[in-house]
Amino acid sequence: MAGRSFPGELCRHMSNIVSLHAHDRLVTTPFGLLGTDENALSFALGYTFQQCSPFLQWFLRQVGIVGVHTSSLHRARIDLQRRRTGDPAQGITDIEIHLPGRFHVIVEVKVGLAVPAIKQCQRYMKRLSDTNEPEQRLVALVQSPDDTFVQEYAQQDTNLATRLVAFGWPQFLPACVRLMLSEAVQPQAREWVRSFYRFLDEEYEMRAFTTEVWILAASTKPLWANGKSHWDIHQQFRVWWDYKEPTVRPLYMAFRVGGTLDSIYRVSRVEHGIPIIDVVPILRNVRKRWPKVPCTIWYFEPPVKLAKAIRTGGGMYNRRVRCDLDLLLSCDTVQEIEVAMGERRRQGKLQVSQPGGLH
């Protein structure tokens, strides 16, 4: 029907009527009103933990506290910016999560390349000792990929060896995607997780990638009689959509077309839970249900040509490959890239498992 809007398209249109700015910064989520510094990130994370028990439960598992049922979390307490009265030397903690009789977690928030100093970590040991819960963790929540400080501090102070854990901000992003697309999570909780995800991704711009390059096969077969193919649509609208792998966050996408790959495309943003027909209206010509099913959409920039075209190689079919960017410059086929990347992952696991490897 002429003029009809699909729900996703209508919401997108309404959200673009008025833009909200604070201190000349675009605000797209409630958390954006807090700012974009460490305190804002701490408050946003703490509130999302409180609103979504499965999110908190997932985080606890990641830092080594397992077997905590969501039903028991209603007895837990989350403190933000807590100062211990009577002992200013203990400082102010960013986030504390405490379930009496079970666990006590202190989260020290850092952004950029910063990591907590060992004296700061030692200062919080007293708080953990005061509650003396069966499970204690001091979590250094960092943006930097370098977590060698954990092993270094553990060697200097045995009290930190069993308690200090490094956790990367980028790890939250794929977890948020899984939760906000899960029907097992309550709708209100999913929406708060979505807001937190958007806050990290759009307002703070917590750039995090699960792979540098995602190589995909693009079909040139028309989707309807005398119509456009997947490849035509990818080129015209600069989008790729998928229903199976929503957590993949590539820095670049690369497409195998007609047996070759000759360009890469930088990903500009990712949207979740949007029917592709809202973005590509011509897909109304497809007489199937999938264009109207919510999916994940990757938007990308104009192509950057490679110095040489890369052949697919034998036995690849429609297989997807995640790889490092430099392999596109040194390999002749996608098959060769897949083998080389597998060897890198294997070597990386070996290094981590060796004594003195990263935790």
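Analyst: Let's begin with one term: a contact means heavy atoms within 4.5 Å. Counted that way, residues 24 or more positions apart account for 66% of the contacts in the chain with a separation of 6 or more. Please keep in mind that this is a predicted model. The chain has 12 helices and 14 strands, and 46% of its 359 residues count as buried.

Now to the packing, with helix 8 as our focus. Two packed helices are described by the angle between their axes and the distance between the axes. Helix 8 covers residues 187-203, and it packs with helix 2 (residues 38-51) at an angle of about 160 degrees, the axes being 9 Å apart. Angles over 145 degrees count as roughly antiparallel, and helix 2 and helix 8 are therefore roughly antiparallel to each other. Their crossing is left-handed. On the helix 2 side you will find Ala40, Leu41, Ala44, Leu45, Tyr47, Thr48 and Gln51, and these meet Gln188, Ala189, Trp192, Val193, Phe196, Phe199 and Leu200 of helix 8. By residue type, this contact divides into 11 nonpolar and 3 polar residues, with no charged ones.

Helix 8 has another packing partner to look at, helix 7 (residues 172-180). Here the angle is about 150 degrees, again with axes 9 Å apart. That makes helix 7 roughly antiparallel to helix 8. The crossing of helix 7 and helix 8 is left-handed. Phe172, Leu173, Cys176, Val177, Leu179 and Met180 come from helix 7, and they meet Arg190, Val193, Arg194, Phe196, Tyr197 and Leu200 in helix 8. This contact divides into 10 nonpolar and 2 charged residues, with no polar ones.

Not counting residues up to four places away in sequence, leucine 26 touches Ser19, Leu20, His21 and Glu203. At 42% relative accessibility, leucine 26 counts as partly exposed. Aspartate 24 sits in the loop between strand 1 (20-22) and strand 2. This residue has a positive phi of about 65 degrees although it is not a glycine, and at 81% relative accessibility it counts as exposed.

Helix 3 covers residues 53-62, and Phe55, Leu56, Gln57, Trp58, Phe59 and Leu60 are buried there. Just after helix 3, glycine 64 takes a positive phi of about 95 degrees.

Strand 3 (residues 77-83) holds aspartate 79. With a relative accessible area of 12%, aspartate 79 is buried, and its side chain makes a polar contact of 2.8 Å with the side chain of arginine 77. Leaving aside neighbours within four places in sequence, aspartate 79 is in contact with Asp94, Ile95 and Glu96. Glutamine 81 is also placed in strand 3. Glutamine 81 has a positive phi of about 55 degrees although it is not a glycine, and at 29% relative accessibility it counts as partly exposed.

The C-alpha atoms of tryptophan 224 and valine 286 are separated by 6.0 Å, while along the chain the pair is 62 residues apart. Tryptophan 224 touches Ile282, Leu283, Asn285 and Val286, not counting residues up to four places away in sequence.

Our last stop is aspartate 242, in strand 9 (residues 239-242). Its relative accessibility is 6%, so aspartate 242 counts as buried. A polar atom of its side chain lies 2.9 Å from the backbone nitrogen of lysine 244. Beyond residues up to four places away in sequence, aspartate 242 touches Cys295, Thr296, Trp298 and Arg320.

Terms used. Residues numbered from 1 in each chain as written. Predicted model: local features only at pLDDT ≥ 70, side-chain atom pairs only at ≥ 80, totals over all residues. Heavy atoms only, no water. Helix = DSSP H or I, 4+ residues; strand = E, 2+ residues; numbered from the N terminus. Buried < 20%, exposed > 50% of the residue type's maximum accessible area, 1.4 Å probe, protein only. Polar contact = N/O pair within 3.5 Å; in protein donor to acceptor, adjacent residues only side chain to side chain. Axes fitted to C-alpha atoms, helices over the stretch in contact; angles between N-to-C directions. Parallel < 35°, antiparallel > 145°, perpendicular 65-115°, else oblique. Left-handed = near helix turned anticlockwise from the far one by under 90°. Nonpolar A, V, L, I, M, F, W, Y, C, P; charged D, E, K, R; others polar.
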